[in-house]
Amino acid sequence: MTQSWSGQRDQRAPLTARGGRSPVVVIGAGPYGLSVAAHLRAQGVRVRMFGEVMGSWRHAMATGMFLKSTPDATDLSAPVAGATLADYCRARGQDELTELTPIPCTTFVAYGQWFADRHAGEVEESRVTSVERGPSGFVVRVEGGEEFAAQAVVVATGLSGLAHVPGQFRALTPGGPHPDALVSHTSQHQDLARYAGQRVAVIGGGQSALESAALLHEARAIPTVLVRENRVLWGEPPELERPLARRVVSPSAALGTGWSLLAVSRAPGAVRRLPAAARMYLFRRALGPSGGWWLRERVEGIVPVRTGCHVDEADADRSGGALLRLSGREPGALSVDHVLAATGYRLDLERLPFLSAPLRREVRRTGGSAAPHLSTAFESSVPGLYFTGSLAAPCFGPVMRFVAGTAFAATRVSRHLTRGAARL
Ligand SMILES: Cc1cc2nc3c(=O)[nH]c(=O)nc-3n(C[C@H](O)[C@H](O)[C@H](O)COP(=O)(O)OP(=O)(O)OC[C@H]3O[C@@H](n4cnc5c(N)ncnc54)[C@H](O)[C@@H]3O)c2cc1C
């Protein structure tokens, strides 16, 4: 008998993934998929992992971007020593990264590849096109038509497919957002230099908006950032040597400084036990939009930023550009050649096209959200179907939106799969 997500015992056979007949399938080869695979393979579990190694970091982030997280919050997780970002830098003979060194995305991609080669094992680059219930678990189909049985499936597809563009811009994008259309989403770009000489409205006030605006300006485009909030928040430069008194009052954690951030960084399991309303409050409010401290000098006084600004409507104008009608602090109209939506992501299971509709219907949602409710081991209400990364954030809190959550997630998932349904 096994322990299910609801805490009730069920009658299905325990998942004894180690030496099992069919593999555990990990969908996604980003930080979460790689970490889960590293832990499972180290336990002798047969794993098939699909996706492009660090695919989102290669294709859904513009060239020239840096990570906002600090080096010690950016380690992928393996059950052995020698797998951290610092280990990678040492192995490459590169300088030690400190909190004062923003990490280029290219370095993080190279670290992910290095980690994959040493710790995560084989990655199959094909996309998973369908997962449905099968006679002994799941039936998985991949690009090219291969179909096989899996005893468990770990979804680690990150924010892929979940990009959100607000409704006001729909009239501009009948065919959906695209870099060649009047509206695109930040996740669709690798090279913002394509807009050199063009007026671009960047929508949003978070890191993605502010960094895209800096990159657009540096590529000789003409960006204007439109921020709904009344001000832009910037991170504080880290202090390498913090006096003891300050460390006690405001301890450092993976997600920032302060006791509440320490709690949500260190104890995602405790976050999961909070009432749904409290978890959803944390999910929506913790770590709202802000810019990294090192980005400030590339934006302030350089790129026009309009705060307290709402875009009420957006229409195509006669010159082939877009006309935005604005309300708020400075009501009026703004003509641009392109709108870049840095408007985030929606965690909605319905937007994971590879999960069959009947399977999606079976997955219980959490706290009135469209994200899955998960057990202490990241298992959904469908036994054997696990979700990691951002999709787990409504249950386990904001750390799951970041690389810093990989160790917790990978340990829990692998422990559950290798010990059957032992209580965690
Ligand atoms: C602009 C931006 C900046 C960020 N900066 C930071 C930061 O500084 N620090 C931080 O900790 N976090 C940052 N994040 C959050 C970041 O997305 C996560 O921390 C991390 O990438 C999550 O890892 P993941 O493995 O869940 O997903 P991802 O890294 O998104 O990986 C998804 C994987 O799934 C694969 N995939 C998708 N669909 C399929 C399919 N159908 N079949 C097979 N494979 C599939 C992809 O190829 C890829 O391998 C940032 C996010 C964005 C958008």
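Between domain 1 and domain 2, four residue pairs, both members at pLDDT 80 or more, are in polar contact. The structure is a predicted model.

**Exercise 1.** State which residues make up each domain and how far apart the domain centres lie.

Solution. Start with the domain assignment of the protein: domain 1 takes in 2-161 + 345-418. Domain 2 is given as 167-233 + 290-341. Next, take the C-alpha centres of the two domains, which are 32 Å apart.

**Exercise 2.** Describe the interface between domain 1 and domain 2: how many residues are in contact, and what area do the domains bury?

Solution. Begin with the contacts, counted for heavy atoms within 4.5 Å. On the domain 1 side there are 15 residues, and they meet 17 residues of domain 2. Then turn to the area: about 1200 Å² is buried between the domains, with 55% of it on carbon and sulfur atoms. Sorted by class, the domain 1 side that touches domain 2 holds nine nonpolar, three polar and three charged residues. Last, check for salt bridges between the two domains; the count is zero.

**Exercise 3.** Work out which residues come nearest to the ligand and how much of its accessible area the protein covers.

Solution. There are 31 residues around the ligand, and those that come nearest are Glu52, Ser56, Lys68, Ser69 and Val403. Now look at single atom pairs. A polar side-chain atom of Trp57 is 2.8 Å from a ligand oxygen atom. Ala29 places a backbone N or O atom 2.9 Å from an oxygen atom of the ligand. For Arg127, a polar side-chain atom lies 3.3 Å from a ligand nitrogen atom. Finally, on its own the ligand has 980 Å² of accessible area, and the protein covers 91% of that.

Technical notes
Residues numbered from 1 in each chain as written. Predicted model: local features only at pLDDT ≥ 70, side-chain atom pairs only at ≥ 80, totals over all residues. Heavy atoms only, no water. Domains from an automatic or database assignment. Buried area = accessible area lost by both parts, 1.4 Å probe. Salt bridge = Lys/Arg side-chain N within 4 Å of Asp/Glu carboxyl O. Polar contact = N/O pair within 3.5 Å; in protein donor to acceptor, adjacent residues only side chain to side chain. Nonpolar A, V, L, I, M, F, W, Y, C, P; charged D, E, K, R; others polar. Near = heavy atom within 4 Å. Areas by Shrake-Rupley, 256 points an atom, 1.4 Å probe, with all protein chains shown as cover.
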